[in-house]
Structure formats: structure tokens, C-alpha cells
Amino acid sequence: MNDNHDYIRWFRDASPYINAHRGKTFVFHLGGEAVSHPNFQNIIADISLLASLGVRLVLVHGSAPQINQQIEAKGLASDYVGEVRITTPDLLPLVLEATGKVRADIEARLSMGRPGAPQSASRMTVVSGNFIKAKPLGIVDGVDYHHTGAVRKVNTEALRQQLDLGATVLLSHTGVSPSGEIFNVNSAEVATEIAVALLADKLIFFTGEDGILDDQQQTINELPVSEITPSEFSAYHPLRLAHNACTRGVDRCQIISFITDGALLEELFTRDGSGTQVTRTSYEKIRPATPDDISGIVDLIAPLEEQGILVRRSRELLESEYDRFTVIERDGMIVSCAALYPFENKAELACLATHPDYRDNDRGELLMKEIETQARRRGFEALFVLTTHTVHWFRERGFRQIALDDLPASRKSLYNYQRNSRLLEKPLS
Ligand SMILES: CC(C)(COP(=O)(O)OP(=O)(O)OC[C@H]1O[C@@H](n2cnc3c(N)ncnc32)[C@H](O)[C@@H]1OP(=O)(O)O)[C@@H](O)C(=O)NCCC(=O)NCCS
């Protein structure tokens with residue numbers, strides 16, 4: 001019984017995130033170490049789950065360890081400049097063989113769908129193709145990089161078309177030049193360039209740690225891009241790439257573990273996540289609600305309506321009255337809302353709510369002040385509120401108790417005697 005309750009609670013808590021992620025574009029970098037780790041099957045199952053929830057997915061895989069195996073088996077060796085492998089003509093066929101095998105293996109696993117999901121729900125279309133144009137690194141400081149290249153261009157239109165059709169795009173880290181030459185490109189660079197080209201909502205890197213750790217070996221949950229100095233990191237370090245992606249228009253980058261089972265779901269569907277999130281803009285926005293926010297507002301207020309704390313509002317009502325709401329959005333999720341309803345010479349502050357995970361950080365007060373400012377600007381004499389559970393909260397913020405007769409007549413006629421709400425008011429003049 002308890003287990004079931006935990007599950008139900010978890011599912012309810014996850015629902016705002018499910019709504020927030022639907023229709024969004026996520027680009028994943030699955031490095032070669034991640035692909036060969038025993039937890040990879042779980043990662044693939046969780047990625048399939050995201051696809052079934054309506055997330056648009058591009059997966060870019062690496063294959064460095066798999067290429068190394070091929071090279072060792074042939075008794076050959078690679079030369080490197082820093083982190084960059086020099087892909088000589090001898091090595092290129094081995095690179096292609098290794099990447100081809102890894103890609104086919106991932107495609108097979110994605111095609112299996114989620115264990116236990118009905119066939120129709122788990123069927124997934126996976127496409128690959130020449131979405132990347134590459135260019136040679138050339139000869140740098142006298143070193144010939146041969147078939148090692150960089151991304152020259154992403155065929156954004158073709159990628160978007162596939163995503164619009166509901167396909168998951170799976171790409172290797174090789175690209176072809178317009179003259180038909182094949183180049184081996186760093187897979188994390190490919191993922192970053194694709195995320196930038198698509199202006200993806202998220203670029204997700206898997207690493208061997210639980211995200212980026214601080215000096216005490218604790219995971220840093222959030223890192224604004226302004227706090228990253230890219231030159232402190234090597235060329236393909238996730239923080240350097242995240243900085244690159246976020247400064248060029250990608251909203252968020254996530255750096256999470258490929259070792260910990262469920263790290264991806266925890267990162268995407270819980271408040272604190274499991275890894276490190278690099279953010280482009282300030283995390284939260286306070287703004288007027290739009291029709292797209294209706295589901296988010298429903299998710300936020302429905303539990304409070306069930307507990308009798310807020311008056312019930314149907315979805316239909318919200319659809320016609322969403323423009324009375326102001327919301328605080330955090331990472332695509334509505335975490336706080338409040339509404340202003342005009343009644344004659346006074347305005348009602350209604351439906352003030354903050355998601356339980358995000359309380360006690362002044363969001364409620366910020367919204368209350370915003371509604372107060374709106375009411376003042378529109379010339380109302382006072383702001384009133386009806387509440388059953390939050391009298392003290394309002395009192396501490398300058399509201400004073402009033403009688404039913406002090407309400408505007410048009411609001412008084414709607415008063416629900418059964419709810420027996422307290423009435424409080426703050427003069428605005
Ligand atoms: C009331 C509510 C909107 C506050 O949201 P919030 O984002 O946490 O707001 P703030 O951070 O500005 O305020 C939090 C403070 O209020 C206090 N507080 C919360 N509920 C309270 C209550 N019922 N009575 C008195 N104080 C309360 C908190 O302990 C916290 O105090 P602190 O700052 O000393 O730690 C939120 O608790 C909520 O959604 N409640 C359920 C819905 C509700 O009652 N809405 C009002 C009816 S319209």
C-alpha cells in the first residue's frame with residue numbers, strides 16, 4: 001500500500017515536468033564510454049520513454065573506446081594532438097567499422113522499445129543520415145590531421161522535418177565533405193553544433209560523474225553560463241561545450257551520470273535533478289499567462305483544489321480567464337501563479353499558489369506585489385482576498401480583515417457561505 005502511495009505521489013509530482021517537456025527538442029551526447037557501460041540499456045529505455053512522452057530527440061553517439069579496440073586488434077596505434085585523434089587513411093576504415101557497429105547496436109536497442117510497454121506504445125522510428133557536413137582540420141602547426149575534421153554545417157531543415165514526423169534522429173560522429181570525403185569529428189562537438197543549429201531546449205551530456213563536482217566532491221546543481229570560464233577547460237569538456245551551446249542560443253545543458261541508473265529521469269522529472277544544469281538565462285521569469293500555460297496552471301492548482309485550499313476552477317473556466325493570471329515560470333514549468341479579478345472599484349487577488357517544492361523563496365510575495373502593482377496601475381481602490389488557510393500570510397503583508405458588506409456588491413453576491421472564507425483587504429491609495 002505504502003509503495004503504491006509513493007508511486008502515485010511520484011507520478012503526480014512528475015506531471016508538471018511531463019507537460020513542460022512535451023514538444024521540446026533535446027539533443028543527447030552519448031559518449032563511447034556511456035555506450036559500453038552496463039547501465040546503457042537503462043539509459044536507452046529512459047530515452048524511449050521520453051520519446052513516448054512527446055519529446056523530440058536527437059542522439060549523437062561517440063565510439064572512442066570501440067575505435068581503440070579495433071585499432072589494437074589490428075596491431076595499430078593512434079597519434080593524438082591533445083584530445084584529438086589523427087585519423088590517418090589506415091585508421092579511417094576502422095573508425096567507420098566501429099561507429100557503424102555502435103550505431104547499429106543503439107538502433108537495435110531503441111527499436112526494442114521499453115520493456116513491458118505495449119507494442120504500439122513502444123514503437124519508435126529511428127533515422128540516420130547525412131545531416132552533417134564536415135570539413136578537414138587540415139594541417140595545423142605542421143601536423144596533418146588527415147581525416148580528422150570539424151562540423152562545417154548542419155542540415156537543420158532536414159533534421160527538423162524528421163523530428164516533425166515524430167522520428168528520433170540517431171547520428172554518428174562522422175561527416176562528409178561536399179567533395180565526398182569522410183571525416184571523423186568529435187562526437188560531443190557534433191552534438192553541440194546540432195543543438196545550436198536546432199536552438200534545442202536541452203543539450204544533455206553523459207559523464208562518469210554525477211555531474212560537475214565542487215571542491216567538496218558535491219554535485220553542483222545549477223551553474224549560470226556567466227559563471228563558466230571556458231578557457232579553464234579542455235576543448236571537449238562538457239562545461240566548455242555547454243558554455244558554447246548556451247551562449248549561442250541553447251536554453252539549458254544538462255551534465256549527468258551514465259553510471260547511475262535513473263539519473264536521466266531524476267534530472268528531468270524532479271526538482272533538484274541528479275546532475276548539473278547549465279543555464280543560459282536567469283532561471284525564472286514572472287510574466288502574464290498565455291493559453292500555453294493552462295495545463296501548467298491546472299497541474300499547480302489541482303492538488304490545492306482537492307485539499308479544499310483553493311476554489312475549484314474548471315479547465316474551461318481557465319481557458320476563458322487565463323489572461324487574468326500572472327505566472328512564475330521556471331525551466332518551462334509553472335511554479336507559481338496568481339490572478340487579478342476586477343469587481344467595481346476593487347480588485348480580488350485570487351488563486352495565489354506556489355508549487356510545494358518551490359515555496360519559501362519569496363515567490364508568493366513577488367506575485368502578490370505584482371498583482372498589487374497591476375491593481376494600482378488600473379486605478380482600483382483596494383485589493384481584497386478570500387482565504388481559508390492563509391489569513392496570517394496576508395496579514396503579515398499588510399492585509400486587514402474586513403466584513404462581507406465591505407466587498408463590492410457583485411462579489412458579495414458570489415460569496416460561498418459554506419466555504420466561510422475570511423475576507424482581507426489592502427488599501428491601494
Ligand atoms: C501561500 C503561498 C502562496 C506562499 O507561497 P510562497 O512562494 O512560499 O511564498 P513566500 O516565499 O513569499 O512566503 C513564504 C513564507 O510564508 C509562510 N507561510 C506559508 N503559508 C503560511 C500560512 N498559511 N500562514 C502564515 N504563513 C505562511 C512560510 O512559512 C514562509 O515563511 P518564512 O518566509 O518566514 O520562511 C503557498 O504557501 C501556497 O501555495 N499555499 C497554498 C495556496 C494558498 O493558500 N493560497 C492563498 C489563498 S488565495
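Two strands count as paired if DSSP finds at least two bridges between them. By that rule, strand E2 (residues 56–61) and strand E10 (residues 168–171) pair in the parallel sense, over three bridges. In E10, Val169 is the bridge partner of Val58. The model is a predicted one.

**Overall layout**

The protein has 15 helices and 23 strands. Its C-alpha trace spans about 90 × 50 × 45 Å along the principal axes. Of the 429 residues, 40% are buried. Among contacts with a separation of 6 or more, 70% join residues 24 or more positions apart.

**The eight-stranded sheet**

E2 and E10 belong to an open sheet of eight strands. The order is E5-E10-E2-E1-E13-E15-E16-E14, with mixed pairing. Strand E5 (126–127) and strand E14 (222–224) are the edges, and each pairs on one side only. Helix H3 (residues 40–52) packs on this sheet and touches strand E1 (25–30), E2 and E10. The direction of H3 makes about 155° with that of E2. Helix H5 (residues 92–112) lies across E2, E5 and E10, and runs at about 160° to E10.

How many residues of E1 are buried? Six of the six are, so the strand is largely enclosed by the rest of the structure. Both faces are covered. Thr25, Val27 and His29 lie on one side, while Phe26, Phe28 and Leu30 lie on the other. In a regular strand, side chains alternate between the two faces of the sheet.

E1 has a parallel partner in E2, joined by six bridges. There, Val27 stands opposite Val58. E1 also pairs in the parallel sense with strand E13 (residues 202–207), over four bridges. Lys202 in E13 is the bridge partner of Phe26.

Further along the sheet sits Gln277, in strand E16 (residues 276–279). Gln277 counts as buried because it has 24 C-beta neighbours inside 10 Å; the cut-off is 20 or more. Beyond its neighbours within four places in sequence, Gln277 is in contact with Asn221, Glu222, Arg252 and Gln254. Ser410 is 133 residues from Gln277 along the chain, and their C-alpha atoms are separated by 48 Å.

**The seven-stranded sheet**

Seven strands form another open sheet, also with mixed pairing. Its order is E17-E18-E19-E20-E21-E23-E22. The edges are strand E17 (284–288) and strand E22 (400–401), each pairing on one side only. Helix H11 (residues 294–306) packs on this sheet, touching strand E18 (325–330), strand E19 (333–343) and strand E20 (346–354). H11 makes about 80° with the direction of E19. Helix H13 (residues 363–377) lies across E17, E18, E19, E20 and E21, at about 30° to E19. Strand E21 (residues 382–387) and strand E23 (residues 422–427) are antiparallel over six bridges. Thr387 stands opposite Arg422 in E23.

| Strand pair | Sense | Bridges |
|---|---|---|
| E1 and E2 | parallel | six bridges |
| E1 and E13 | parallel | four bridges |
| E2 and E10 | parallel | three bridges |
| E21 and E23 | antiparallel | six bridges |

**Nonpolar cores**

In soluble globular proteins, nonpolar side chains tend to be buried together. Here the largest nonpolar core has 69 residues. Val27, Ile194, Ala195 and Leu203 touch the most other members. Helix H8 (residues 187–198) gives the most to this core, with eight residues. Apart from its neighbours within four places in sequence, Val27 is in contact with Val58, Val60, Ala191, Ile194, Ala195, Leu198, Ala200 and Leu203. A second, separate core has 36 residues, including Val327, Leu349, Phe380 and Phe399.

How values were computed: Residues numbered from 1 in each chain as written. Helix = DSSP H or I, 4+ residues; strand = E, 2+ residues; numbered from the N terminus. Contact = placed C-beta atoms within 7 Å. Axes fitted to C-alpha atoms, helices over the stretch in contact; angles between N-to-C directions. Core = buried A, V, L, I, M, F, W, Y, C linked by C-beta atoms within 7 Å. Buried ≥ 20, exposed ≤ 12 C-beta atoms within 10 Å, placed from the backbone.
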